[in-house]
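The sequence and structure come first.

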Amino acid sequence: MKYYSTNGKAPIATLEKAVVKGLAEDKGLYMPERIKTLPQEFFDNIQNLSFQEIAYTVADAFFGEDVPAEDLKKIVYDTLAFDCPCVKVTDSIYSLELFHGPTLAFKDVGARFMARLLQYYTRKASETSKNSLVNVLVATSGDTGSAVANGFLGVDGIHVYVLYPKGKVSPIQECQFTTLGQNITAVEVDGVFDDCQALVKNAFMDADLNAHMKLTSANSINVARFLPQAFYYFYAYAQMKKKGLADQLVVCVPSGNFGNICSALFGKKMGLPIKRFIAANNANDIFFNYLQTGKYEPKASVQTIANAMDVGDPSNFARVYELYGKSHEAICADISGATYKDEQIAETIREVKAETGYVCDPHGACGYRALKEGLKAGEVGVFLETAHPAKFKSTVDGILGADIEIPAKLQAFMKGTKQSVPMNKDFASFKQFLMEQ
Ligand SMILES: *Cc1c(COP(=O)(O)O)cnc(C)c1O
């Protein structure tokens, strides 16, 4: 399979190039040239397949031409060493719990897949050249950093730099990538998430740096991170079908950089029978406004209690736009939007807990609320519970007046010592730092 750039000015790339480079030369995002439709028998029988079996079928459609079956199967099975159950919250609303992985957020899926695919390629490269060390640069507003750092921890031939905005990620998130050591370096940037993302993007475009070291991105723009997220939408459908609830399925995705919902839309193109999608936003309402006006107008991000969605210029909008032939009408036919202020998110967390006993994290709460407000008669909704509420413990505790339990996996990170490199937000300092590595 070949990959082209959404900006249309870069050469067509192989999967290896798309994964190792991350971003195309023209700053566009890579898109697979073809999206295969999966056969009807697959969907007829999907409720009888395991998560890994479903995921391998989806992975094969994208990566099967490039990665030998045995390697791909191992990558998929190793990635999905945990479950993503659909849990009933009300009669018509289910939670797809994506927090059962090592860092308790959905990004574990894409990060683990990418680490394993990149390792497959660096191993191949090390057979032919000496300097095969790959440096992964990743900007995070919280969860990406922990998922990527843990996905790559201890992987030979790969060094990871995690850039995060100083004081803007929760202490629990921070310890998940600043305490690891080994091949993981945390860089604490005096700025906001968009500054971190700009540093990473500039690094990829800088000729001196690229001559000095092999750089790649592990942001949700990387095809090896975003495409595997499609796995759990197929699995959610399978679980709902088993319950007899999949005929008019609406899937609601709490969205920031729009990688997650974009992979769902790829799933729909492959034939996954989901009726429609809702993109739930916090106060960063750029996509919501686009749906209303047809104009995409990025702005500076604003800080909210659902901070993994504090994105003012969602990268993957370019992919959504491309996928729908740049048609606002076509996009609106499949996707609607919602936007919630912090008070509404807090109110929702309290309401769901009081009415159902279920504890949502601030991101999942946006998803739940958008379904509650947006489901029509006969529809059943699944929202993505994108992280465990304990990852946002102080926020959720404050809202519920409770002391929610921290899972053992999370407690283990909190015992480590923080190590990070302080950095200001101008590119010159970051470049100098990397040139000295
Ligand atoms: C990253 C993240 C999101 C947003 O996902 P995108 O793919 O950037 O849209 C939502 N919730 C949580 C908990 C996240 O970590």
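A polar contact here is a pair of N or O atoms within 3.5 Å. The model is predicted.

An oxygen atom of the ligand lies 2.9 Å from a polar backbone atom of N260. The backbone also takes part at G256, where an N or O atom is 2.8 Å from an oxygen atom of the ligand.

The protein buries 97% of the 390 Å² that the ligand exposes when taken alone.

## The shell and the cavity

How many residues surround the ligand? There are 15 residues around it, and K107, D143, G256, N257 and T386 come nearest. By residue type, the shell consists of 7 polar, 6 nonpolar and 2 charged residues.

The ligand takes up the space of the largest cavity.

## Cysteines

A disulfide is a covalent bond between the sulfur atoms of two cysteines. With a cut-off of 2.5 Å between cysteine sulfur atoms, the count in this model is 0 disulfides.

C196 is in no disulfide, and the nearest cysteine sulfur, that of C175, is 18 Å away. Is C196 buried or exposed? C196 counts as buried, because its relative accessibility is 0% and the limit for buried is under 20%.

C332 is likewise in no disulfide. The nearest cysteine sulfur to C332 belongs to C252, at 16 Å. With a relative accessible area of 31%, C332 is partly exposed.

Technical notes:
Residues are numbered from 1 along each chain as its sequence is written. This is a predicted model: local features need pLDDT of at least 70, side-chain atom pairs count only at pLDDT 80 or more; totals for chains, interfaces and linings use all residues. Side-chain values use heavy atoms; hydrogens and water are left out. A residue is near a molecule or strand if one of its heavy atoms lies within 4 Å of it. A polar contact is a pair of N or O atoms within 3.5 Å; within protein, one must be able to donate a hydrogen and the other to accept it, and residues adjacent in sequence count only if both atoms are side-chain atoms. Accessible areas come from the Shrake-Rupley method with a 1.4 Å probe; for residues, only the protein chains shown count as cover. On a 1 Å grid over the protein atoms alone, a cavity is a set of points where a 1.4 Å probe fits but cannot get out, and a pocket is an open set with protein on both sides within 12 Å along at least five of seven lines; lining residues have an atom within 4 Å of a point. A molecule sits in a cavity or pocket if more than half of its atoms lie within 2 Å of its grid points. Ala, Val, Leu, Ile, Met, Phe, Trp, Tyr, Cys and Pro count as nonpolar, Asp, Glu, Lys and Arg as charged, and the others, Gly among them, as polar. Buried means under 20% relative accessible area, exposed over 50%, partly exposed in between (1.4 Å probe, protein chains only).
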